[in-house]
Amino acid sequence: MRTLVLSDIHANLAALEVVLADAEGQWERVWFLGDLVGYGPQPNECVERLRALEPLALTGNHDWAVLDKLDVDDFNTEARMVVRWTQRTLTAENRAYLQDLPPRRVAPPFTLAHASPRHPVWEYILDLPTALANFAHFDTACCLVGHTHVPAVFALDEASGEMDFALVEHGDVLDLSRHRLIVNPGGVGQPRDGDPRAAYALLDDEAMTMEFRRVPYDIAATQALMRDLKMPRRLIKRLEQGM
Ligand code: ZN
């Protein structure tokens with residue numbers, strides 16, 4: 001079966017729409033790795049658009065903050081401002097949808113976690129030691145994570161104990177059958193690898209491959225909505241920087 005793998009939409013509807021258009025007709029189901037809201041200007045629209053796709057979905061740290069399941073004081077000032085605005089803006093129905101999502105689940109032969117399998121809400125997997133420690137915290141061959149907004153692959157050769165790390169680019173196709181893997185498709189709504197295009201992946205669990213894609217979207221349109229809402233300038237600027 002072909003799976004559309006999305007993460008970190010962050011209330012950026014323009015980015016979500018181009019991803020869905022780009023992947024149209026190429027998947028049978030959707031997995032979402034968390035952080036549907038926070039940072040962006042269209043939380044209700046994004047919850048409703050994703051929900052309609054009936055995804056297997058996770059919650060993320062920003063979703064939890066909006067639901068008061070996390071202390072917003074752990075966020076930086078700008079992120080906190082948008083969390084508060086999102087709390088005031090989200091409809092009761094959309095809030096209820098987010099409320100029921102777990103931060104981690106298993107869909108054999110994959111584990112899905114927002115941040116990491118060890119600490120599914122908060123931990124950033126950005127280096128080899130953190131990745132290595134996390135391989136002991138899931139039982140499937142492969143774990144899909146989001147949270148860093150950086151498309152990347154950590155591979156563990158269990159026979160030799162050797163680890164490998166690679167950033168991935170548009171068009172890269174990963175063979176999922178060889179090693180144990182922790183894979184991040186990148187972020188749809190706020191990429192952070194210096195490439196501002198929306199990131200997502202298509203997973204084929206028969207061929208056992210994952211294809212990484214980047215799609216340009218109307219960044220200025222999202223920025224204009226954020227400006228109208230008087231959202232923090234740094235958050236508006238970072239969309240065009242992809243950082
Ligand atoms: Zn995020």
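Before the first click, a word on labels: helices (H or I, at least four residues) and strands (E, at least two) are DSSP runs, numbered from the N terminus. Also keep in mind that you're looking at a predicted model.

Start with Arg192, which sits in the loop between strand E10 (180-184) and strand E11 (198-204). Show its side chain and look for two polar contacts: one goes to the side chain of Gln190 at 2.8 Å, and another reaches the side chain of Tyr39 at 3.2 Å. Now widen the selection to what Arg192 touches beyond four places in sequence: Tyr39, His147, Thr148, His149, Val150, Arg238, Gly242 and Met243.

Which residues are the protein donors of the zinc ion? Select Asp8 (OD), His10 (NE2), Asp35 (OD) and His149 (NE2), which lie 2.1 to 2.5 Å from the zinc ion. Along the sequence, these donor residues follow the spacing D-x1-H-x24-D-x113-H. Two of them, Asp8 and His149, link distant parts of the chain, 141 residues apart. Asp8 is in the loop between strand E1 (2-6) and helix H1 (13-22), while His149 is in the loop between strand E6 (142-145) and strand E7 (152-157). Buried or exposed, these two, Asp8 and His149? Both are buried.

Last stop: why does the arrangement around the zinc ion count as irregular? Because the 4 donor atoms subtend angles of 86 to 177°, whereas tetrahedral would need all angles between 85 and 135 degrees.

Notes. Residues are numbered from 1 along each chain as its sequence is written. This is a predicted model: local features need pLDDT of at least 70, side-chain atom pairs count only at pLDDT 80 or more; totals for chains, interfaces and linings use all residues. Side-chain values use heavy atoms; hydrogens and water are left out. Donors are N, O and S atoms within 2.8 Å of the metal (3.2 Å for Na, K and Ca); water is not among the atoms, so sites may look incomplete. Four donors count as tetrahedral if all angles lie between 85 and 135 degrees; four count as square planar and six as octahedral if opposite donors are over 155 degrees apart and all others between 65 and 115; anything else is irregular. Buried means under 20% relative accessible area, exposed over 50%, partly exposed in between (1.4 Å probe, protein chains only). Contact means heavy atoms within 4.5 Å. A polar contact is a pair of N or O atoms within 3.5 Å; within protein, one must be able to donate a hydrogen and the other to accept it, and residues adjacent in sequence count only if both atoms are side-chain atoms.
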